[in-house]
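Dear colleague,

Please find the structure below. I would be grateful if you would read the notes that follow alongside it.

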Amino acid sequence: MLVTGGAGFIGSNFVHYTLKQHPGYEICVLDSLTYAGHRESLAPAANNIEFVEGDICDVELVDRLMSRTDVVVHFAAESHVDRSLHDPEPFIRTNITGTYILLEAARKYEVRFHHVSTDEVFGDLPLNSDEKFTEETPYNPSSPYSASKASSDTLVRAWVRSFDVQATLSNCANNYGPFQHVEKFIPRQITNVLVGDRPKLYGEGENIREWTHVDDHNAAVHLIVSNGRIGDTYLIGSGDERSNKDILETTLELMYQERDAYDRVPDRPGHDLRYANDSTKIRTELGWVPTYADLRAGMAQTIDWYRHNEWWWKPQKEGTEATYRVLGR
């Protein structure tokens, strides 16, 4: 199994999950170790995997690795909305061109391909409604990040239809859990509390997300790889929707802080209002059930991980906050 982006947040957790739950796989990780990829995230698995530092846009490298691969799980992506608003170019290169190069190699060597995407490709939903995204929801991306992921999704579908590539896709709700970069919303707030700084909330914090623990996401991916229908897309989501304000106040409560001990900062441009996935298809067809259906249980586990793994996140923290200060957020 080739895992692209396997030193990133979801990818590294996927590697650990696979070694524990599906030990029959021999795993090769391909990661370019950008700011969001950390070799240290794979340290507990270092003796049980092959690690290759490299770029998914390197045609010769991808060809060589794919020639000895049975299945590829494609996590590698530029993924932070704020960074895409500041500089879209890396998102176009990695998320679109990189996916094309992987698809061409998968076609050449007849490799089973799973493409990991995001529910952000669908745009957003009204705040006060019961509407949810489904596998048939039209794409309506709001940022350079989500537009680049929407483009890569359509490439995968086209390669299935045009070239019979054996591919599946998944679009997941927001993830949280161990090894997530401190630029992201939940770990930023957790680590702010841990270093004695006040957490930050965009605007009024009314934006709503469906939060899914990374282990639940990766369990879903394995079900799709094993039993998913070729060419199909599966939406993944815990069903637990929370506003950013609720998430922040819950975090503070679980960390024994006052629920209002945070500062408001200017909202990001084009901030999507609400995401929510209808995950009926993967639940009924493949039998997926999230372990952390209640966000509080998953948050408690996540806070505990950051509390005991300062060695991993502390080197990222100052640079991340310096970037946010430049952005005014």
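This is a predicted model: local features need pLDDT of at least 70, side-chain atom pairs count only at pLDDT 80 or more; totals for chains, interfaces and linings use all residues.

Residues are numbered from 1 along each chain as its sequence is written, and side-chain values use heavy atoms, with hydrogens and water left out.

Helix α11 covers residues 310-327; helices (H or I, at least four residues) and strands (E, at least two) are DSSP runs, numbered from the N terminus. α11 bends by about 35 degrees at Lys317, the bend being the angle between axes fitted to the seven residues ending there and the seven starting there. Gly328, with a positive phi near 75 degrees, follows α11.

The whole structure holds 22 salt bridges, each a side-chain nitrogen of Lys or Arg within 4 Å of a carboxyl oxygen of Asp or Glu. One of them joins Arg93 and Asp55, with the closest N and O atoms 2.8 Å apart. Arg93 lies in helix α4 and Asp55 in the loop between β3 and α2, so this pair ties together parts 38 residues apart in sequence. In another, Glu318 meets Arg325 at 2.7 Å, N to O; Glu318 is exposed at 52% relative accessible area, and Arg325 is exposed at 54%. Salt bridges with shared partners also link Lys245, Glu249, Glu253, Arg259 and Arg296 into one network.

Yours sincerely

How values were computed
The expected span of a helix is 1.5 Å times one less than its number of residues. Buried means under 20% relative accessible area, exposed over 50%, partly exposed in between (1.4 Å probe, protein chains only).
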